[in-house]
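Morning, everyone. Please have the sequence and the model open.

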Amino acid sequence: MNKLSLLIIVFFAIGCGNNTKSGFENEEPISSAPIAKSKIITTDTLYIVAMGENMSKMKFNKKVIRVPSEKNITVALTNESTDATMPHNIVFIQKGYANDVGQGGLSHKDNAYVNPNDENVIAHSGLAQIGETTYFSFKTPKPGNYEFICSYPGHWGLMKGEFITE
Ligand SMILES: [Cu+2]
């Protein structure tokens with residue numbers, strides 16, 4: 001190999017390196033959440049959206065949430081409802097206790113409508129007002145079938161789904 005071809009190879013390698021770097025910089029994730037109380041970005045974050053402009057259209061964007069069991073995860077709940085009367089939370093509960101947990105939370109407005117002593121509650125977020133994202137972390141339970149609801153008064157009948165750990 002003569003000096004000229006070696007020089008060309010080195011020059012080419014530097015050029016490729018720069019291209020790779022600038023390409024990577026363009027791939028930064030863009031968050032659509034307009035307001036975040038705190039921002040925790042990890043690979044173990046579960047992104048959930050609550051939506052619907054009124055009580056007949058309110059829903060979560062997932063019917064089933066499937067996560068690894070006994071693992072620390074962060075939940076990011078974004079409220080995309082457009083009416084200020086539609087705050088939402090997400091409450092992970094024992095299967096079959098949606099109504100009990102919802103009713104039990106009615107007198108606990110100061111705790112996001114969740115009774116802090118409710119043994120059927122596995123974990124819950126705070127209330128996300130419209131346009132907000134609320135974050136919280138918890139350790140998922142042992143493998144099994146659970147449920148999730150929004151416990152804001154009157155919401156858990158429609159805002160619910162299956163929570164599966166495996
Ligand atoms: Cu709700």
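Start at isoleucine 130. Setting aside neighbours within four places in sequence, isoleucine 130 is in contact with Asn79, Ser81, Thr82, Asp83, Ala84 and Met86. Contact here means that the C-beta atoms of two residues, placed from the backbone, lie within 7 Å. Take alanine 84 from that list. Alanine 84 and isoleucine 130 are 46 residues apart in sequence, yet 6.1 Å apart in space, C-alpha to C-alpha.

Where does isoleucine 130 lie? In the loop between E7 and strand E8 (132-139). Helices (H or I, at least four residues) and strands (E, at least two) are DSSP runs, numbered from the N terminus. Is isoleucine 130 buried, exposed or partly exposed? It has 18 C-beta neighbours inside 10 Å, so it counts as partly exposed. The cut-offs: buried takes 20 or more other C-beta atoms within 10 Å of the residue's own, exposed takes 12 or fewer, and partly exposed is in between, with C-beta atoms placed from the backbone.

A word on the source. This is a predicted model, where local features need pLDDT of at least 70 and side-chain atom pairs count only at pLDDT 80 or more, while totals for chains, interfaces and linings use all residues. Residues are numbered from 1 along each chain as its sequence is written.

How confident is the predictor? pLDDT is its confidence in each residue, from 0 to 100. The mean for the protein is 83, and 74% of residues reach 70 or more. Over residues 6-42, however, pLDDT is below 50. Beyond near neighbours in sequence, that stretch has 16 contacts in the model.

Now the overall layout. The protein has 2 helices and 10 strands. From the N terminus the elements run α-β-β-β-β-β-β-α-β-β-β-β. Of the 166 residues, 28% count as buried. Among contacts between residues at least 6 apart in sequence, 71% join residues at least 24 apart.

Next, the sheet. In what order do its strands come? The order is E4-E10-E9-E6-E7, an open sheet of 5 strands with mixed pairing. Strands pair if DSSP finds at least two bridges between them. Strand E4 (64-67) and strand E7 (121-124) stand at the edges with a single partner strand each, so one side of each has no neighbour in the sheet. On average, neighbouring strands are turned by 25° against each other, direction ignored.

Let's walk across. E4 pairs with E10 in the parallel sense, over 4 bridges. Isoleucine 65 has phenylalanine 163 as its bridge partner in E10. E10 and E9 run antiparallel, joined by 6 bridges. Phenylalanine 163 turns up again here, standing opposite tyrosine 146. E9 (residues 144-149) then pairs with E6 (residues 91-93), antiparallel, over 3 bridges. There, valine 91 has isoleucine 149 as its partner.

Helix H2 (residues 98-105) lies across E6, E7, E9 and strand E10 (160-165), at about 40° to E9. Axes are lines fitted to C-alpha atoms, for helices over the stretch in contact, and angles run from 0 to 180 degrees between N-to-C directions.

Last, two loop residues. Glutamate 70 is not a glycine, but has a positive phi of about 50°. It sits between E4 and strand E5 (72-79). Alanine 112 has 21 C-beta neighbours inside 10 Å, so it counts as buried.

Note on methods:
pLDDT is the predictor's confidence in each residue, from 0 to 100.
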